[in-house]
Amino acid sequence: MRRAVCPGSFDPIHNGHLEVIARAAGLFDEVIVAVSTNYAKKYRFSLEDRMEMARETLASLRGIIVEPMGEGLLAEYCRHRGVSAIVKGLRSSSDFDYELPMATMNRQLAGVETVFLPAEAHYVHLSSTLIKEVNVLGGDISDFVPKSVLKRLLAGEPATDH
Ligand SMILES: O=C(O)c1ccc2[nH]nc(Br)c2c1
Ligand SMILES: O=C(O)c1ccc2[nH]nc(Br)c2c1
């Protein structure tokens, strides 16, 4: 059984993420969406909310598990969960430059490969950060996130620190 992981903060999950995860689900028997918690980082949504948004927006796909990644090394997480591949979307060459050293390190640390999926052309500009910035300044982000995520962003829930 081939298991992959899509790690991220998903703060919040958006249409670009969903497209990459759906394609990963077509390549592997099981895909874990591992939601990160980094206590040094300030998140817009809590870990629970970020996992809930991922679960509800991925509900129609088979073989998807959404769970916390915890604080440790991704390589250790992969070893512990029997993951054979990390799947990441690539939007640009700068994504590739950023991801390549980590992919090499993860293979050396735990023998886990990284599979890069080129993001859909119409999502290459999307990031959770940009979506939050446009939203807070009153821009229309309805084309970039599922309705359930839009609702939470418009509710202007208070920021949390993890
Ligand atoms: O949500 C994130 O932090 C994040 C980052 C980088 C990413 N690459 N591919 C995916 Br799906 C992804 C998600
Ligand atoms: O949302 C982000 O921050 C983010 C980052 C990096 C990413 N690579 N591919 C995707 Br989809 C993606 C999304």
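This is a predicted model: local features need pLDDT of at least 70, side-chain atom pairs count only at pLDDT 80 or more; totals for chains, interfaces and linings use all residues.
Residues are numbered from 1 along each chain as its sequence is written, chains are lettered from A and ligands numbered from 1 in the order in which they are written, and side-chain values use heavy atoms, with hydrogens and water left out.

Let's start with the overall fold. The chain has six helices and five strands, where helices (H or I, at least four residues) and strands (E, at least two) are DSSP runs numbered from the N terminus. Reading from that end, the order is β-α-β-α-β-α-β-α-β-α-α. The radius of gyration is 15 Å, which agrees with the value near 15 Å for a compact globule, because the chain has 162 residues; this radius is taken over C-alpha atoms, and the globule rule is 2.2 Å times the number of residues to the power 0.38. Along the principal axes, the C-alpha atoms fill a box of roughly 45 × 30 × 30 Å.

The peptide bond from Asp11 to Pro12 is cis, with omega near 5°. Phe10 has a positive phi of about 45° although it is not a glycine. For background, most residues other than glycine have a negative phi, and most peptide bonds are trans.

Phe10 also leads us to ligand 1. Around this ligand are Pro7, Gly8, Ser9, Phe10, His17, Lys88 and Gly89 (a residue counts as near if one of its heavy atoms lies within 4 Å). A polar backbone atom of Phe10 is 3.0 Å from an oxygen atom of ligand 1, a polar contact being a pair of N or O atoms within 3.5 Å. The side chain of His17 places an N or O atom 3.3 Å from an oxygen atom of ligand 1, while a polar backbone atom of Gly89 is 2.9 Å from a nitrogen atom of the ligand. Taken alone, ligand 1 exposes 340 Å², and the protein buries 77% of that (Shrake-Rupley areas with a 1.4 Å probe). Strand S1 (3-8) and S4 are the elements that give two or more residues to its shell. By class, that shell divides into two nonpolar, four polar and one charged; here Ala, Val, Leu, Ile, Met, Phe, Trp, Tyr, Cys and Pro count as nonpolar, Asp, Glu, Lys and Arg as charged, and the others, Gly among them, as polar.

On to ligand 2. Its surroundings are His14, Gly16, His17, Val20, Gly89, Leu90, Arg91, Asp95, Ser127 and Ser128. His17 and Gly89 turn up in this list as well as around ligand 1. An N or O atom in the side chain of His14 is 2.8 Å from an oxygen atom of ligand 2. The shell holds two nonpolar, six polar and two charged residues.

Definitions and conventions: A polar contact is a pair of N or O atoms within 3.5 Å; within protein, one must be able to donate a hydrogen and the other to accept it, and residues adjacent in sequence count only if both atoms are side-chain atoms.
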